Amino acid sequence: MSATTIDPTQVDAREDDLPIPAHLRSAWSVLFEGLRLSPELRKGLGFTIAISLGAVIGNLATPILIQQIFDHGFRGGFRATFVFGLCAVAFGVVFLAFIAARAAARRLVRASEEALMGLRVQGFEHIHRLSIATQSRERRGVLVARVTADVDTLAEFTEEGAISWIWAIVQIVVVFVIMLLFSWQLTIPVVLLVLPLLLVMGKLQASMSAAYDAVRVRVGEMLSEVSESVMGADVVRAYGLEERVDMRVKRSIHERYRAHVLAHLRTATMWPMGTVFWGLAYAVVIVVGAMFGPEWGLTFGTVSAFLFLADMFLHPFTDLPEIYAQTQTAIAGWRKILALLEMPVDVREPSPGVALRGGALDVKAEDVSYRYGDGPLVLRDVSVEVQPGAHVAVVGETGSGKTTFCKLLARLADPVSGRLEVGGVDLRDVARASRQNAIRMVPQDGFLFDITVRENVRAGREGASDRDVDAAFDELGLRDWVESLSKGLQTRVGERGEALSVGERQLVSLVRAQIGNPGLLILDEATSAVDPATEHRISEALRRVSAGRTTITIAHRLSTAEGADEIFVFDAGRVVERGRHAELVDAGGTYAGLYRSWLGNVRA
Ligand SMILES: Nc1ncnc2c1ncn2[C@@H]1O[C@H](COP(=O)(O)OP(=O)(O)OP(=O)(O)O)[C@@H](O)[C@H]1O
Ligand SMILES: [Mg+2]
């Protein structure tokens, strides 16, 4: 797990969350919206319900047949044909009920898994449509949790809980009616058992749910402790923090163990409790039946059948607290997923949109302002032009808005006011595919996917062949370098590319950008120092990649700024100076200050 991969369980335990839209406040509306979201769940649902009800009702045949056998099978001696005939019927009905229940369960699991898969895909696609403002760093973990852990919380309900409501209610009602038909007097003591049963099971269920919530929190804590200590292994060793870290990790492991044991202990109390109540029901039926049966005109068969009926009547009540808890969990999960899916997509792609022309592209920003969410303006009225083929450097203090400006150029978000034009077209009107090919950004940390170098570069252009990848390395003079890696182009780069050095990651990112032949290349230079050999390779590759293209480089190195055709100086979200290196140094303003500190660093 890398530093920015956030564990979903851990995030779930955190307070901060996506805002819940007003119309999703009530449980019913969430349930309704949630079901509307997954057509997979509704498809064939009527049939599934019908066969599962068939199974429930089929099982009710047993007590009725038992009553028949006991009351009529022994009249005037043992009536073998009658008894065996009914036994065969009972077997047949129970077997059919089993087949129906199995079919219903299979249909439900399939529909439910398809629905969850659909939800994950919907959520994932939606996250990718959100702009950088909504995807700000703090929230990424929450977004990840939405498509992973939160979707999981629905499974129990969609596979089991939802249909269990129907089963439970139908079984309770039908058995109640049969009991009344057999004997209303015997029905009363059985019904009286419901209230204490619900109270006890409800309480046990609540304590069990609380214990499992605690398990989730503890698991999250343990994961974060363990992953932090593994990721920060260098710091831990260098600062001699082993003992302290060791203690914290062990404590979190122990806490998780305790929480788990407690939860299982509670589960172990809960299930046998159901048996206690069924036992009580048998006792009540037998005692009351034996004492008053003859007086009320009850036959032996009726009382025997009542044993089964009482069991069947109480059974769903023991399940209700669990079904209720599953429903609550699912509603909470749906609420979170819906909150994600209802987040407005602020970058709307035009359809069909304008295609950018090939070759170097010019850039024009008119009074561009931007803020992240409802934060302060981080860009204020930025107006600049870049000629096609020009090499521009962007400099400024940390936090002055350089990266943000470049992200707007790649349309990772739209300005809150003002407009951006690339190649003479308003960026909002440029077709997505054209923009993604023509405008390429090499991010500061040179993000790479955890695949081979070759595959990473190939990701830079759809349908790129091995030969194209080789050619791209050749063009940038990086063939020798890439072959010097342990497995050459087949080297796996590790999570986020961390198996490569920062400089090496930038080189691979550069080739990945270049293979798409962009007309505008935006480069966020690595801030950390790179060794001289890599530095030399990067400058050479940059020189080659820039030829015939417009480049905008966020410069953290003096040499980049010195060589640029023009420099834009950012300060607190504004462009305060622009010009060539020598002019700006002479002007003695913000850039001159930056230059002095650069020189200071170089000398130091
Ligand atoms: N995802 C975000 N959510 C909220 N605010 C952000 C986000 N990203 C950047 N900011 C804020 O926007 C401002 C500009 O940030 P930006 O990353 O553009 O600066 P920068 O000039 O690139 O800095 P650096 O030289 O350190 O890379 C900063 O005040 C920063 O805190
Ligand atoms: Mg930056």
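Arg411 is found in the loop between helix H15 (402-409) and strand S4 (417-422); here helices (H or I, at least four residues) and strands (E, at least two) are DSSP runs, numbered from the N terminus. This is a predicted model, in which local features need pLDDT of at least 70 and side-chain atom pairs count only at pLDDT 80 or more, while totals for chains, interfaces and linings use all residues. Residues are numbered from 1 along each chain as its sequence is written, and chains are lettered from A and ligands numbered from 1 in the order in which they are written.

What makes Arg411 worth a look is its backbone: phi is positive, about 55°, although the residue is not a glycine. Most residues other than glycine have a negative phi, and most peptide bonds are trans.

Arg411 is found in the loop between helix H15 (402-409) and strand S4 (417-422); helices (H or I, at least four residues) and strands (E, at least two) are DSSP runs, numbered from the N terminus. The model is predicted: local features need pLDDT of at least 70, side-chain atom pairs count only at pLDDT 80 or more, and totals for chains, interfaces and linings use all residues. Residues are numbered from 1 along each chain as its sequence is written, with chains lettered from A and ligands numbered from 1 in the order in which they are written.

Arg411 has a positive phi of about 55°, even though it is not a glycine. Most residues other than glycine have a negative phi, and most peptide bonds are trans. On the peptide side, Ser351 and Pro352 are joined by a cis bond, with omega about 0°.

Pro352 sits in the loop between H14 and S1. Arg357 belongs to the loop between helix H14 (300-341) and strand S1 (363-371). Arg357 is partly exposed, having 14 other C-beta atoms within 10 Å. From Arg357 to Ala268 it is 89 residues along the sequence and 69 Å through space, C-alpha to C-alpha.

As for the overall layout, the chain splits into domain 1 (9-341) and domain 2 (363-603), with bounds that come from an automatic or database domain assignment. The centres of the two domains, taken over C-alpha atoms, are 54 Å apart. Four residues from domain 1 and five residues from domain 2 make the contact, where two residues are in contact if their C-beta atoms, placed from the backbone, lie within 7 Å. On the domain 1 side, the residues touching domain 2 come out as two nonpolar, two polar and no charged; Ala, Val, Leu, Ile, Met, Phe, Trp, Tyr, Cys and Pro count as nonpolar, Asp, Glu, Lys and Arg as charged, and the others, Gly among them, as polar.

Now for the helix pairs. Two packed helices are described by the angle between their axes and the distance between the axes. Helix H5 (residues 61-72) packs on helix H6 (residues 80-129) at about 175°, with the axes 10 Å apart; axes are lines fitted to C-alpha atoms, for helices over the stretch in contact, and angles run from 0 to 180 degrees between N-to-C directions. H5 and H6 are therefore roughly antiparallel to each other, a label for angles over 145 degrees. H5 brings Ala61, Thr62, Leu65, Gln68, Ile69 and His72 to the contact, and H6 brings Phe82, Val83, Leu86, Val89, Ala90, Val93 and Val94. By class, that is ten nonpolar, three polar and no charged residues.

H6 also meets helix H9 (residues 155-182): their axes come within 8 Å and cross at roughly 145°. This crossing of H6 and H9 is right-handed; a crossing is left-handed if the near helix is turned anticlockwise from the far one by less than a right angle, and right-handed if clockwise. Leu108, Val109, Ser112, Ala115 and Leu116 of H6 touch Ala155, Thr158, Glu159 and Ile163 of H9. The contact of H6 with H9 divides into six nonpolar, two polar and one charged.

Leu154 lies in the loop between helix H8 (149-152) and H9. Leu154 counts as buried, with 26 C-beta neighbours inside 10 Å. Leaving aside neighbours within four places in sequence, Leu154 is in contact with Leu116, Ala330, Gly333 and Trp334.

Helix H11 (residues 194-231) and helix H13 (residues 242-296) have axes that come within 8 Å and cross at roughly 160°. H11 and H13 are therefore roughly antiparallel to each other, and their crossing is left-handed. Their contact holds 21 nonpolar, seven polar and seven charged residues. Ser224, in helix H11, is partly exposed, with 18 other C-beta atoms within 10 Å. Ser224 and Val249 are 25 residues apart in sequence and 9.2 Å apart in space, C-alpha to C-alpha.

Key:
Angles under 35 degrees count as roughly parallel, over 145 as roughly antiparallel, 65 to 115 as roughly perpendicular and the rest as oblique. A residue is buried if 20 or more other C-beta atoms lie within 10 Å of its own, exposed if 12 or fewer, and partly exposed in between; C-beta atoms are placed from the backbone.
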